[in-house]
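Here is a briefing on one protein model. Look at the structure first, then read the notes by topic.

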Amino acid sequence: MNRRAGLSVFASFTKNETLRELVDLALEQMRAYAGAGPGEDALDKARRYLAGLFPLGLESHEALAEQIADALLDGLGLEHLKTYRSRVLAVTAAQAREMAAELSPARDGALLVVVGEAEASRRALDGLCPIEARQLEEFG
């Protein structure tokens with residue numbers, strides 16, 4: 001998951017009849033964000049949040065061992081852990097825009113998973129993109 005985009009979640013509720021309209025609007029907003037990237041204020045807050053949160057994930061021996069194992073398994077090496085905070089704080093707006101576009105859940109090839117009335121969802125979203133529709137009762 002750390003090598004490429006992970007899971008992006010958009011949660012909402014609507015009638016089956018307006019599902020396509022809702023999904024189209026959500027994807028439109030995601031595409032707009034991917035094109036523009038975060039504003040400077042949002043980017044600064046994200047940088048400071050992620051840089052500040054990182055040391056908290058190293059507080060116990062177990063957490064530190066997990067971070068080391070992940071860095072080695074992902075082929076990043078131990079230098080990744082030493083320089084993580086400074087690299088996060090150095091992210092530019094241009095880099096953030098580039099990654100927002102590359103990792104956007106609205107990009108070509110993304111898979112859309114819809115939980116609700118499976119058949120109605122498939123019909124409403126037919127032709128949009130690859131879709132996995134799951135019946136809500138599967139999760140109850």
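Contact here means heavy atoms within 4.5 Å. By that rule, Leu-72 touches Gly-77 and Leu-78, leaving aside residues up to four places away in sequence. The model is predicted, so local features need pLDDT of at least 70, side-chain atom pairs count only at pLDDT 80 or more, and totals for chains, interfaces and linings use all residues. Residues are numbered from 1 along each chain as its sequence is written, and side-chain values use heavy atoms, with hydrogens and water left out.

- Helices (H or I, at least four residues) and strands (E, at least two) are DSSP runs, numbered from the N terminus.
- Helix α3 covers residues 61-73.
- How far apart should the ends of α3 be at 1.5 Å a residue? The expected span of a helix is 1.5 Å times one less than its number of residues. For the 13 residues of α3 that gives 18 Å, and the end C-alpha atoms are 18 Å apart, which agrees.
- Leu-72 is part of α3. Leu-72 counts as exposed, at 52% relative accessibility. The cut-offs are under 20% relative accessible area for buried, over 50% for exposed, and partly exposed in between (1.4 Å probe, protein chains only).
- Leu-72 and Cys-129 are 57 residues apart along the chain, and their C-alpha atoms are separated by 35 Å.
- Just after α3, Gly-75 has a positive phi of about 75 degrees.
- Is Glu-59 buried or exposed? Its relative accessible area is 64%, so Glu-59 is exposed.
- Glu-59 and Leu-76 are 17 residues apart along the chain, with 21 Å between their C-alpha atoms.

**Nonpolar cores**

- A nonpolar core is a set of buried Ala, Val, Leu, Ile, Met, Phe, Trp, Tyr and Cys residues joined through side-chain atoms within 4.5 Å.
- In soluble globular proteins, nonpolar side chains tend to be buried together.
- Which residues make up the largest nonpolar core? There are seven: Leu-19, Val-23, Leu-27, Ala-106, Leu-112, Val-114 and Leu-125.
- At least two residues of this core come from each of α1 (19-36) and β1 (112-116). The largest share, three residues, is supplied by α1.
- Another core, of six residues, lies apart from this one, and includes Ala-51, Phe-54, Ala-71 and Leu-81.
- Leu-27 touches Pro-105, Ala-106 and Leu-128, again not counting residues up to four places away in sequence.

**Strands β1 and β2**

- Two strands pair if DSSP finds at least two bridges between them.
- β1 pairs with strand β2 (residues 131-135) in the parallel sense, over five bridges.
- Which residue in β2 is the bridge partner of Leu-112? The partner is Ile-131. Val-114 stands opposite Ala-133 in β2.
- From β1 the chain passes through helix α6 (residues 118-124) to β2, and this β-α-β crossover is right-handed. Right-handed means that, with the strands pointing away from the viewer, the path from the first strand over the helix to the second runs clockwise.
- The covered face of β1 holds Leu-112, Val-114 and Gly-116, while Val-113 and Val-115 form its uncovered face.

**Salt bridges**

- A salt bridge is a side-chain nitrogen of Lys or Arg within 4 Å of a carboxyl oxygen of Asp or Glu.
- How many salt bridges does a search of the whole structure find? The search finds nine.
- Glu-132 and Arg-134 meet in one, at 3.1 Å from N to O. Glu-132 is partly exposed, with a relative accessible area of 30%. Arg-134 is also partly exposed, at 28% relative accessibility.
- Arg-134 and Glu-138 meet in another, at 2.6 Å from N to O. Glu-138 is partly exposed, with a relative accessible area of 48%.
- Elsewhere, salt bridges that share partners join Glu-40, Asp-44, Arg-47 and Arg-48 into one network.
- Within it, Arg-47 bridges to Glu-40, with the closest N and O atoms 3.0 Å apart. Arg-47 counts as buried, at 12% relative accessibility, whereas Glu-40 counts as partly exposed, at 47%.
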